[in-house]
Amino acid sequence: MTTTSPPEMSSSALAMLSMMQYGDSQFPSGSFAFSNGLETLFNDNKIKGPKQIYDLIAVQLKGRWNSLDRVALCHVYRQAENLDAINAIDNEVEALTLSAGLRSGSKRNGAALLGIHARLGTTMSMEYRQRVMEKKAPGHIPVVQGLVFHHCGLTELQAQIASAHGLCNDMLGACMRLGKLGHIHAQLIRQKLSSVIATLLEQPVSDEQLMHSYVPLTEIAAMRHEISDQRLFAN
């Protein structure tokens with residue numbers, strides 16, 4: 001006797017598997033080259049241990065990801081067939097990202113992710129990549145995530161989870177490559193950050209919600225990193 005899963009179960013499982021694939025740190029998104037200001041903060045002894053690393057990433061989630069990146073991702077996700085609307089959101093992210101290093105990092109990450117999805121054949125990725133290559137759109141990472149995650153079949157919630165998880169992994173990975181954190185402490189921090197992400201996701205993003213961010217510590221650190229002589233990371 002053979003059994004088959006209902007179509008909705010197969011679809012849900014496929015979306016979950018896609019979320020795991022695109023949220024995996026091994027997915028070639030290019031984010032390993034960026035520390036989001038962490039390198040400068042470590043060099044200046046502004047953060048020293050696991051507790052301060054956790055606090056910094058939690059602030060980044062609340063002060064930047066939740067109020068700017070997440071909003072951009074959701075708005076793009078809902079407009080995923082309208083490249084002009086996506087372009088306008090992208091331009092707004094560009095204007096709201098004050099540090100040149102963070103702007104460059106976000107666009108380089110976005111370009112890498114968009115390039116991979118264009119090669120994978122993800123719907124609309126080639127068309128938007130053409131805009132980015134022609135300098136008609138900046139191609140910031142949350143904008144690209146909203147576009148490709150939609151067309152990969154992730155739900156809007158799954159797209160947000162993958163984005164938040166990616167940010168945490170990128171920052172924890174930078175800490176480990178700088179020799180400031182071991183694997184066990186990194187996993188303990190990541191475990192605690194899940195409750196921060198879950199709490200943020202309880203409040204939905206509205207269509208009218210404006211983007212904003214306030215993370216002065218990391219923004220100033222990223223600006224200072226641009227003129228630093230000691231640089232392992234690009235920001």
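Helix α4, which covers residues 83-96, has 14 residues and reaches 20 Å from its first C-alpha to its last, close to the 20 Å expected at 1.5 Å a residue, where the expected span is 1.5 Å times one less than the number of residues. This is a predicted model, in which local features need pLDDT of at least 70 and side-chain atom pairs count only at pLDDT 80 or more, while totals for chains, interfaces and linings use all residues. Residues are numbered from 1 along each chain as its sequence is written, and side-chain values use heavy atoms, with hydrogens and water left out.

At the start of α4, a side-chain oxygen of Asn82 comes to within 3.2 Å of the backbone nitrogen of Asp84. Several residues of α4 are buried, including Leu83, Ile86, Ile89 and Val93, where buried means under 20% relative accessible area with a 1.4 Å probe, counting protein chains only. The buried residues of this helix pack against α3 (50-78), α6 (125-133) and α7 (141-151).

Helix α9, residues 183-201, has 19 residues and reaches 26 Å between its first and last C-alpha, close to the 27 Å expected at 1.5 Å a residue. Among its buried residues are Ile189, Arg190, Leu193 and Val196, and the buried residues of α9 pack against α3 and α8 (156-177).

The protein as a whole has ten helices and zero strands, both being DSSP runs numbered from the N terminus (helices H or I, at least four residues; strands E, at least two). Of its 235 residues, 49% count as buried. Among contacts (heavy atoms within 4.5 Å) with a separation of 6 or more, 82% join residues 24 or more positions apart.

Definitions and conventions. Buried < 20%, exposed > 50% of the residue type's maximum accessible area, 1.4 Å probe, protein only. Polar contact = N/O pair within 3.5 Å; in protein donor to acceptor, adjacent residues only side chain to side chain.
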